[in-house]
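Please look over the sequence and the model shown below before reading on. The paragraphs that follow lead through ring contacts, a sheet, backbone geometry and charged pairs.

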Amino acid sequence: FIYVTAQNVCYKLDPDLNIKSYYILPIKGQPGSTSIYNSMKVLSNGNIICKGFFEPSRKGKQPYAIITVLGTNLSLIKDIPLPEASYGRLSVHIHNNKEYVYVTGDTTLIRYEHRPGEDPPLVLDTSWSYQYRDATTRLQTAGGAAICMGDNVYFTDSAQPGNVGPIRLHRVNLDNAADASVFVPFPGTRN
């Protein structure tokens, strides 16, 4: 089957692109809010995760992000609110025989361990996180998708417009998030 997320609907299509089933993903916020699902991944057991982001229309309201876990038949397994807004796409990686979902939040890179059959099926790994920026800075904005290579995860900050400093590349060790480096490969770049 082919799985597609368009706006706030996840579709299951057959090879001829006929809709076999669909699930309407949750939308948070009030009228005028921006609500998007910008990431969909399939986990090793076939379950699907979709990440939604909701930008409030009223000043003073905080952005909100959620991961929705769906079964292969598109039945809801769990909605998991994220601890902070997340603009980048999700990444899934198996490391040391554990499957992790990496989330680049507004200020911090975090990961969830996938535990099939448990409730919740994604559990925040509280022993591993990397704060890459202060929320009050204008030098950099929120980061993009994380990419795992070898024993490290890489991502850039300033995936959102509005930064006044250069785009930075971050390297974080998968076993020890305190083992991290920041590179400025293109000092004059801005998003």
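Arg111 lies over the face of Tyr100, at 4.0 Å from the ring centre, in a model that is predicted. Tyr100 also takes part in a cluster, in which ring pairs link it with Tyr102 and Trp128. Another contact between a charge and a ring involves Lys12, whose charged end sits over the ring of Phe1 at 4.3 Å from the centre of that ring.

In the structure as a whole there are 7 aromatic pairs. One of them is formed by Tyr11 and Tyr22, with 6.2 Å from centre to centre and 45° between the planes, an arrangement that counts as tilted. Because Tyr11 belongs to strand S2 (residues 9–13) and Tyr22 to strand S3 (residues 19–24), this pair ties together parts that are 11 residues apart in sequence. Tyr11 itself is partly exposed, its relative accessible area being 24%. The rings of Tyr37 and Phe54 have their centres 6.1 Å apart, and their planes stand at 80°, so this pair is edge-to-face. Tyr37 is in strand S4 (residues 34–42) and Phe54 in strand S5 (residues 48–55), so to speak of a link between distant parts of the chain is to speak of residues 17 apart. Both Tyr37 and Phe54 are buried.

S8 and strand S9 (residues 98–104) run antiparallel and are joined by 5 bridges, and Val92 stands opposite Val101 in S9.

What lies in the loop between S8 and S9? Asn96 is found there, and Asn97 is found in that loop as well. Most residues other than glycine have a negative phi, and most peptide bonds are trans. Asn96, although not a glycine, has a positive phi of about 50°, and Asn97, likewise not a glycine, has a positive phi of about 65°. Asn96 is exposed, with a relative accessible area of 56%, and Asn97 is exposed with a value of 78%. A further point of backbone geometry is the cis peptide bond that joins Asp119 and Pro120, with omega at about 5°; Pro120 has its place in the loop between strand S10 (108–114) and S11.

Charged pairs complete the walk. A search of the whole structure finds 7 salt bridges. Among them is the bridge between Asp157 and Arg168, whose closest N and O atoms are 2.5 Å apart. Asp157 and Arg168 both lie in the loop between strand S13 (152–156) and strand S14 (169–173), so the pair ties together parts that are 11 residues apart in sequence. Asp157 is buried, and Arg168 is buried too. In the salt bridge of Asp179 with Arg171, the closest N and O atoms are 2.8 Å apart; Asp179 counts as partly exposed at 33% relative accessibility, whereas Arg171 counts as buried at 12%. Salt bridges that share partners also join Glu113, Arg115 and Glu118 into one network.

Note on methods:
Residues numbered from 1 in each chain as written. Predicted model: local features only at pLDDT ≥ 70, side-chain atom pairs only at ≥ 80, totals over all residues. Heavy atoms only, no water. Phe/Tyr/Trp six-rings, centres within 6.5 Å; stacked < 30°, edge-to-face > 60°. Helix = DSSP H or I, 4+ residues; strand = E, 2+ residues; numbered from the N terminus. Buried < 20%, exposed > 50% of the residue type's maximum accessible area, 1.4 Å probe, protein only. Lys NZ or Arg CZ within 6 Å of the ring centre and 35° of its normal. Pairing = 2+ DSSP bridges. Salt bridge = Lys/Arg side-chain N within 4 Å of Asp/Glu carboxyl O.
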